[in-house]
Amino acid sequence: GIVMGGGVGLSAHCPVRIATEKTMFAMPETLIGLFPDVGMTWKLSRLQGGLPVGLYLGLTGQRLGAADCIAAGLATHYCPSDMLPKVEDALRGLGADPPRGL
């Protein structure tokens with residue numbers, strides 16, 4: 001789906017970030033002369049795509065689709081949106097059995 005503004009700063013630090021064919025990443029605040037929040041400023045300087053990609057995104061507010069998010073390191077996985085319910089069920093099942101002794 002769409003991730004913009006404050007949602008970018010929150011979600012960019014999650015260990016699993018799934019993009020779909022409907023993904024749109026943007027930081028519209030940079031289009032009006034504001035800078036990304038402190039969490040996103042840190043993340044942009046450490047993207048898998050390199051510092052030039054982070055600087056470009058932080059200065060231009062360019063919108064990205066799924067493939068660009070994967071290449072830049074903003075998304076960790078790609079999943080067609082019609083398969084998301086199966087992914088959600090699988091993720092829920094990961095914590096189904098608590099460790100013994102707790």
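## The largest pocket

In this predicted model, 18 residues line the largest pocket, and those nearest its centre are Val3, Ser11, Arg17, Ile18 and Leu74. Strand E1 (2-4), helix H1 (6-11) and strand E2 (18-19) are the elements that each give two or more residues to this lining.

The volume of the largest pocket is about 290 Å³. By residue type, its lining consists of 13 nonpolar, 4 polar and 1 charged.

## Overall architecture

The protein contains 5 helices and 4 strands, arranged along the sequence in the pattern β-α-β-β-α-α-α-β-α. Its C-alpha trace spans about 50 × 35 × 20 Å along the principal axes.

Of the protein's 102 residues, 30% count as buried. The accessible surface amounts to about 6700 Å², and carbon and sulfur atoms account for 65% of that surface. Among contacts with a separation of 6 or more, 58% join residues 24 or more positions apart.

His77 belongs to strand E4 (residues 77-78).

When neighbours within four places in sequence are set aside, the contacts of His77 are Val16, Arg17, Ile18, Ala19 and Ile70. Of these, Ala19 stands 58 residues from His77 along the chain, yet their C-alpha atoms are separated by 6.2 Å. Arg17 and Ile18, also in contact with His77, are among the residues nearest the centre of the largest pocket.

Note on methods. Residues are numbered from 1 along each chain as its sequence is written. This is a predicted model: local features need pLDDT of at least 70, side-chain atom pairs count only at pLDDT 80 or more; totals for chains, interfaces and linings use all residues. Side-chain values use heavy atoms; hydrogens and water are left out. Contact means heavy atoms within 4.5 Å. On a 1 Å grid over the protein atoms alone, a cavity is a set of points where a 1.4 Å probe fits but cannot get out, and a pocket is an open set with protein on both sides within 12 Å along at least five of seven lines; lining residues have an atom within 4 Å of a point. Grid points are joined across faces, edges and corners, and a volume is the space filled by probe spheres set on the points. Ala, Val, Leu, Ile, Met, Phe, Trp, Tyr, Cys and Pro count as nonpolar, Asp, Glu, Lys and Arg as charged, and the others, Gly among them, as polar. Buried means under 20% relative accessible area, exposed over 50%, partly exposed in between (1.4 Å probe, protein chains only). Accessible areas come from the Shrake-Rupley method with a 1.4 Å probe; for residues, only the protein chains shown count as cover.
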